[in-house]
Amino acid sequence: MRATEVRAAVDGAIGIANLRFAYPDGVQALRGVNLTIAAGEKVALLGPNGAGKTTLLLHLNGILRGKGDLRIMGERLNNGNLKHFRAQVGLVFENPDDQLFSPTVFDDVAFGPLHMGLPKDEVLERVRLALAQVGMEGFGERLPHHLSLGQKKRIAIATVLSMSPAILALDEPFSSLDPSARRELMRLLQTLPQTMIVSTHHIPIVRHLFPRTVVMDDGRVVADGETEAILADAALLEAHGLEVF
Ligand SMILES: Nc1ncnc2c1ncn2[C@@H]1O[C@H](COP(=O)(O)OP(=O)(O)OP(=O)(O)O)[C@@H](O)[C@H]1O
Ligand SMILES: [Mg+2]
C-alpha cells in the first residue's frame, strides 16, 4: 500500500488499513481489511455468514485487537486510551444478553454515563432521553433479563446512546424486531447525527437508510460504494451470497 493510501485510510472517523485478525483457534477472520469512513457517514455492512462483519465491528472499540492500522478519529488504540476509545464508539452486540448485565434497565442505561463521571442530574437526563429514543420509556425499573428479545435489543441500543458516542457500530440491530419496532429504529437511525456502521442482512433497510454500502466476504472488503450501485450489481451480489428480492 502506498503512503498516500495509508494516510487516506487513517484520516476518517474510522480509518482501517490492512487489518488482519485470527481467532485463537487459528481461524483467519480478517485478511487485510481497508476501510475509511468519514464523520457523519451512514454505512451498511453486508456479507454472507462468516464474512467477518462481527469480527470487524468488535475491533472498532478494542474488544478484539488485530494486526494492521486501526484509528478512531485519527487516534490509534493503545493500552493507555482504551477508555477514551470506548467512549467514542458505541458498539451494540448482536445478542443483547452480551450487553445487559445490571439488575435493572435503568442501571444498564446509566452505566456508561456514570462510568464517564457525569453528574447525577445529567445521568438521569441521558437515561430518560435514551429510553425515549428507543421507545422504552417506563421500563427503567424492569429486569433486563425478563424482557423480550426485541425489547432487550432496544435497551442494548439505549445503553450506548446514553453515552453520546461519536460513532455507532451496530451488529444486526434489526434482527428480532417486530415491524413497528424496526420502523421506529430506522427512523431513529435516520435522525441521529452519529457516524454509523451497521451490519445487517436486511436489504430493503439498506436501500432505505444507508447511502453507502460495504460488502465483506472471507475476511475482506470486496465492494464499497454507493448503495444503489452495489444493490444493482446482480453479479456481485450473487458472487457473495447476497440476494435482492
Ligand atoms: N470466537 C470465535 N472463535 C473462532 N472463530 C470464530 C469466532 N467467532 C467467529 N469466528 C469465525 O470467524 C469468521 C468470521 O465470523 P464473523 O462472526 O465475524 O462473521 P459475520 O460476518 O459476522 O457472520 P454472520 O452474518 O453469521 O453474523 C467465521 O469463519 C467464524 O466461524
Ligand atoms: Mg455477525
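Helices (H or I, at least four residues) and strands (E, at least two) are DSSP runs, numbered from the N terminus. With that settled, let's work through some exercises together.

This is a predicted model, in which local features need pLDDT of at least 70 and side-chain atom pairs count only at pLDDT 80 or more, while totals for chains, interfaces and linings use all residues. Side-chain values use heavy atoms, with hydrogens and water left out.

**Exercise 1. The ligand shell**

Find which helix gives the most to the shell around ligand 1, and describe the shell by class.

Step 1. Start with the neighbours: a residue is near the ligand if one of its heavy atoms lies within 4 Å of it. There are 14 residues around ligand 1, and Asn49, Gly50, Lys53, Thr54 and Thr55 come nearest.

Step 2. Turn to the helices. Helix α2 (residues 53–59) gives the most to this shell, with three residues.

Step 3. Sort by class: Ala, Val, Leu, Ile, Met, Phe, Trp, Tyr, Cys and Pro count as nonpolar, Asp, Glu, Lys and Arg as charged, and the others, Gly among them, as polar. The shell then has five nonpolar, six polar and three charged residues.

**Exercise 2. Polar contacts and cover**

Step 4. On its own, ligand 1 has 640 Å² of accessible area (Shrake-Rupley method, 1.4 Å probe), and the protein covers 65% of that.

**Exercise 3. Aromatic pairs**

How many aromatic pairs does the structure hold? Classify each by its geometry.

Step 1. Rings of Phe, Tyr and Trp (its six-membered ring) pair if their centres lie within 6.5 Å; planes under 30 degrees apart count as stacked, over 60 as edge-to-face and the rest as tilted. The structure holds two such pairs.

Step 2. Phe21 and Tyr23 have ring centres 4.9 Å apart and planes at 90°, so this pair is edge-to-face. Phe21 is buried at 10% relative accessibility, and Tyr23 is partly exposed at 28%; buried means under 20% relative accessible area, exposed over 50%, and partly exposed in between (1.4 Å probe, protein chains only).

Step 3. The ring centres of Phe101 and Phe111 are 5.1 Å apart with planes at 90°, so this pair is also edge-to-face. It links distant parts of the chain: Phe101 sits in the loop between β6 (89–92) and α4 (105–115), and Phe111 in helix α4, 10 residues apart. Phe101 is exposed at 53%, whereas Phe111 is partly exposed at 39%.

**Exercise 4. The open sheet**

Which strands stand at the edges of the sheet?

Step 1. Two strands pair if DSSP finds at least two bridges between them. Four strands form an open sheet in the order β2-β1-β4-β5, with antiparallel pairing.

Step 2. β2 (28–37) and β5 (75–76) are the edge strands, each with a single partner, so one side of each has no neighbour in the sheet.

Step 3. Two bridges join β4 (residues 67–72) to β5, and Ile72 stands opposite Glu75 in β5.

Methods:
Residues numbered from 1 in each chain as written. Chains lettered and ligands numbered in written order.
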